[in-house]
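Dear colleague,

Please find the structure below, followed by a summary of what was found in it.

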Amino acid sequence: MFDTGNIQQIEMYQNVFPFIGVTTNPSILKREGKVDVWEHFRKIQQIIGPEKSLHVQVTTSRFEDIVKEAYKITHQLGKETYIKIPVTMEGLRAIKQLKQENFRITATAIYTMAQGDYAIMANADYIAPYFNRMENINIDAKAVISHLGARINECKKQTKIVAASFKNMGQVMTAFECGAHSATVDPSLLVDSLNMPSIHEAIDRFQKDWESVYGKGVTLL
Ligand code: E4P
């Protein structure tokens, strides 16, 4: 998934990189300025189409308010929108209640095995373990993701792991190796992964070799 609220990035990269949806949070949205959020989300929905998922995070922390926000989000954007809810005491209560009412839930801000386990048992559709943020505080992100994958299988749950919070592509690959079903990544990291000097050097060499035989400007066209 793309971890961005930037319309241009979504438009530009959705036909380039593997892509199943868009995740946002209040910090990601802050980068877009004080936009009309409903209009902004509808624009994103229009661009990505109904086959891709949109994950919108609640901005409140009390159970009653989280539930109300979930209602507002689905009223504005449709029942297929995933409600991102941080795994706290109040958040879990809201996840449980909203799952009973068939809302789609992405449980987020997961730093520990315990948080992930609670969200799995509450039947969250996605759980988002925060890879880089775990590493920053010396929590073993690999162990957490592996544990959560095993827990989902043991308990025969439908929950999918969407690993999140990445600062480099090595972390993304490691998350997949540990059993993450998907990852949400800032598109600029994906772009960087194709901008390695060795890739460009190889292409330059091919071009030079070709031109040395056939001349500049000649192609297969
Ligand atoms: C996505 O669901 C998360 O909110 C996001 O990946 C967090 O990323 P950060 O740690 O770079 O803020």
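Phe2 stands opposite Val22 in strand β2; strands (E, at least two residues) and helices (H or I, at least four residues) are DSSP runs, numbered from the N terminus. This is a predicted model, in which local features need pLDDT of at least 70 and side-chain atom pairs count only at pLDDT 80 or more, while totals for chains, interfaces and linings use all residues. Residues are numbered from 1 along each chain as its sequence is written.

Strand β1 is joined to β2 (residues 21-23) by 2 bridges, and the two run parallel; strands pair if DSSP finds at least two bridges between them. The open sheet comprises 8 strands with parallel pairing, in the order β1-β2-β3-β4-β5-β6-β7-β8. Because β1 (2-3) and β8 (182-183) each have a single partner strand, one side of each is left without a neighbour in the sheet.

The largest nonpolar core has 51 residues, of which Ile83, Ile95, Ala107, Ala119 and Ile127 touch the most other members. Such a core is a set of buried Ala, Val, Leu, Ile, Met, Phe, Trp, Tyr and Cys residues joined through C-beta atoms within 7 Å, where buried requires 20 or more other C-beta atoms within 10 Å of a residue's own, with C-beta atoms placed from the backbone. Helix α8 (residues 141-154) gives the most to this core, with 5 residues.

Kind regards

Terms used:
A residue is buried if 20 or more other C-beta atoms lie within 10 Å of its own, exposed if 12 or fewer, and partly exposed in between; C-beta atoms are placed from the backbone.
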